[in-house]
Amino acid sequence: DEKEPDYVQEELVATSADGYMEVFVSSVENPGRFWVQLVGAQSTTLDKLVTDMTSYYSHAPNQEANALTSVSVGDLVASPFDQDECWYRSRVTAIQESDYSAAETVVELHYMDFGEKGEYKIKELCALRDEYRYLPLQAIECSLAGVQPRDGTKWTDEAVDTFETLTHASQWKVVMAKVVSKAKREDGFLGFKYAVELVDTNNKKDTNVATELIAQNLAVQAI
């Protein structure tokens, strides 16, 4: 029997009659793979969770008490992030064994509340305590509905940059999302990958992100 997952994945559920909901685009790989967070009480709860984790794991005795000697792909762990001094919830996505010592093994991570990626040695990570698992994982995997790369296979750097600008990626600015379809995640973990429409309503004129990418010749309508 498979053991029950010890985490819950946040899902995109419409909050209004027209099907739209407020989200932050938190991390972008390309228009076909990016992550959003729902705007609402979860945002405040996540801020507090990160603050609490950082306060706890920043103390050396607590790091020692929760030290890891081995991990498996799929494990949830507590990890620092190289762009700030905070600690976050991450999932192990790959392991690069060290010939030198187990502690030097490099672990590839996916930050489960934001969508970012990172790499740390196993000795720099900690076990994720139960009290930090209560909040559903906040980063929700999405793709932009109705469009595909111009060549049908690979998004250009310009398309990715423009998508990030249009969606205010990592700027914590609200955009509107509407689910068009959903499918089970390809990585086998809980939750879905959602195909969504995105609309920026921050200016006088609303901007449909997919329509704008097509207008700028950076995407074509999906076949």
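I began with E29, which forms a salt bridge with K117, the closest N and O atoms being 3.0 Å apart. My rule for a salt bridge was a side-chain nitrogen of Lys or Arg within 4 Å of a carboxyl oxygen of Asp or Glu. Across the interface of domain 1 and domain 2 that rule finds one salt bridge. On the side of domain 1 that touches domain 2, β1 (20-30) and β2 (33-38) are the elements giving two or more residues.

This is a predicted model: local features need pLDDT of at least 70, side-chain atom pairs count only at pLDDT 80 or more, and totals for chains, interfaces and linings use all residues. Residues are numbered from 1 along each chain as its sequence is written, and side-chain values use heavy atoms, with hydrogens and water left out.

Next I looked up the domains. Domain 1 is 20-45 + 136-221 and domain 2 is 51-132; the bounds come from an automatic or database domain assignment. The contact (heavy atoms within 4.5 Å) takes 15 residues from domain 1 and 11 residues from domain 2.

Then I turned to R89. R89 is found in strand β4 (residues 87-96); strands are DSSP runs of E, at least two residues, numbered from the N terminus. R89 is buried, with a relative accessible area of 1% (buried means under 20%, 1.4 Å probe, protein chains only). The side chains of R89 and D113 are joined by a polar contact of 2.7 Å. For a polar contact I took a pair of N or O atoms within 3.5 Å, one able to donate a hydrogen and the other to accept it; residues adjacent in sequence count only if both atoms are side-chain atoms. The R89 side chain also reaches the backbone oxygen of Y132 at 3.1 Å.

Notes: Helices (H or I, at least four residues) and strands (E, at least two) are DSSP runs, numbered from the N terminus. Buried means under 20% relative accessible area, exposed over 50%, partly exposed in between (1.4 Å probe, protein chains only).
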